[in-house]
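Please keep the sequence and the coordinates at hand while reading.

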Amino acid sequence: MKENLFGKNVAELQAALQPLGVQRFRAKQVAQWMYEKGARSFAAMTNLSKALREELAASFEIVTPTARDVLVSQDGRTEKFLLAFADGTAVEAVLMRQPYGNSICISTQAGCAMGCAFCASTLHGRARDLTAAEMLGEVFFIEEKLRGEDQHVDTMVLMGSGEPLMNYENVVAFLHLVHDPAILGMSYRSITLSTSGIVPNIYRLADEGLPVSLSISLHAPEDALRSTLMPINRKYPMADVIAAGKAYGDRTKRRVTYEYILIDGVNDSDRHADELAQLLRGQLASVNLIPINPVVERHLLRPPAERIAAFEQRLAAHHIAVTVRREMGTDINAACGQLRNRHLDQEA
């Protein structure tokens, strides 16, 4: 079986090519072809000798994900991709053309094991973790599409299917890859990692020294309700999650965002807003309110617009930095997991 070179940095490429007696500087050329020029065959690498290209093709391959399905919103600003890897496993990635640039959302696992009550990603459970190279493949699928439009990926969120901090080693390796100047050169400060609150790994991430932004899914201001919505709260209760978030902000000097899905009649009252404000008082933090994108199987509904506005105003009155997420792609089911689930159901 041939070894896939995509997802290796220059040092790793040098190590892979060394048994063939290839000069070390050739690894940088291969990296340039794969990552800067989008080459997916060694035959395209015209500054390598024909003999070397044939030798590389005999031992190695360049494998990246392929599109199994693509959905485009009516306004053309959101595109959702179902990307398939070599073993047939498929995940979702989303491109959002924002006023401030092109933002992407990628998956870190195929499916999810967290069991959150409002989420489509967890309906079929977790199939497997993604490798660092596979996550990089998601990014480059969209990056290469944008390069054809003379644009590029500006910001990235690890907020697709899966819990990034339950795939910790692969995710951290991926962050190093995407930041590597020889690969994509993306600033860590342009990356946000979203977690349901895996407390030990929030502290680990803070110690990595990578100034990525952290987004913590909270969705309730007290333990009983959060445990109903997010079973992980039974293992890592809210006080521990908030303490870890505060430690992350203190260590990295990066503002932590707390995601809060608003669900009609469940967590959207004035009392809930007051309790949330009390919980976050004094932190380097902000709240991102997300009116729920209803998932048919979950039977949870979006609050009316006036209730969303009242919740936002209540937090602001407590001097909590708050925004309401601007919705994109609702007409193409851009919420995590919905496109993948549709394909899984069709295959069943």
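Predicted model: local features only at pLDDT ≥ 70, side-chain atom pairs only at ≥ 80, totals over all residues.

Although Val91 and Glu138 are 47 residues apart in sequence, their C-alpha atoms are 8.8 Å apart in space.

Strand β5 belongs to an open sheet of 10 strands with mixed pairing, whose order is β3-β4-β5-β6-β9-β10-β11-β12-β13-β14. The edge strands, each of which pairs on one side only, are β3 (66–72) and β14 (321–324). Between neighbouring strands of this sheet the average turn is 20°, with direction ignored. In general, the strands of a sheet pair through backbone hydrogen bonds, either parallel or antiparallel.

On one side, β5 runs antiparallel to strand β4 (residues 78–84), to which it is joined by 7 bridges, and Leu82 stands opposite Glu92 in β5. Strand β5 also pairs with β6 in the antiparallel sense, over 5 bridges, and a hairpin joins β5 to β6 through 2 residues. Within this pairing, Leu95 has Ile104 of β6 as its bridge partner. Strand β6 in turn pairs with β9, but in the parallel sense and over 4 bridges, with Thr155 in β9 as the bridge partner of Ser103. Because 6 of the 6 residues of β6 are buried, this strand is largely enclosed by the rest of the structure.

Which strands does helix α4 lie across? Helix α4, made of residues 132–147, lies across β3, β4, β5, β6 (101–106) and β9 (155–158), and runs at about 40° to β5.

Two packed helices are described by the angle between their axes and the distance between the axes. The axes of α4 and α5 come within 8 Å and cross at roughly 45°, and the two helices are therefore oblique to each other. Their crossing is right-handed. On the α4 side the contact is made by Ala132, Met135, Leu136 and Val139, and on the α5 side by Asn170, Val171, Ala173, Phe174, Leu177 and Val178. Sorted by class, this contact of α4 with α5 has 9 nonpolar residues, 1 polar residue and no charged residues.

Helix α5 (residues 168–179) also packs with helix α6 (residues 199–207), at an angle of about 25° and with the axes 12 Å apart. That angle makes α5 roughly parallel to α6, and α5 passes α6 in a right-handed crossing. Here Tyr168, Glu169 and Val172 in α5 meet Asn201, Arg204 and Leu205 in α6, which gives the contact of α5 with α6 a composition of 3 nonpolar, 1 polar and 2 charged residues.

A last stop is Ala309, whose place is in helix α10, covering residues 305–317. Ala309 counts as partly exposed, at 27% relative accessibility. Ala309 and Val324 lie 15 residues apart along the chain, and their C-alpha atoms are separated by 8.6 Å.

Notes:
Residues numbered from 1 in each chain as written. Heavy atoms only, no water. Pairing = 2+ DSSP bridges. Axes fitted to C-alpha atoms, helices over the stretch in contact; angles between N-to-C directions. Contact = heavy atoms within 4.5 Å. Parallel < 35°, antiparallel > 145°, perpendicular 65-115°, else oblique. Left-handed = near helix turned anticlockwise from the far one by under 90°. Nonpolar A, V, L, I, M, F, W, Y, C, P; charged D, E, K, R; others polar. Buried < 20%, exposed > 50% of the residue type's maximum accessible area, 1.4 Å probe, protein only.
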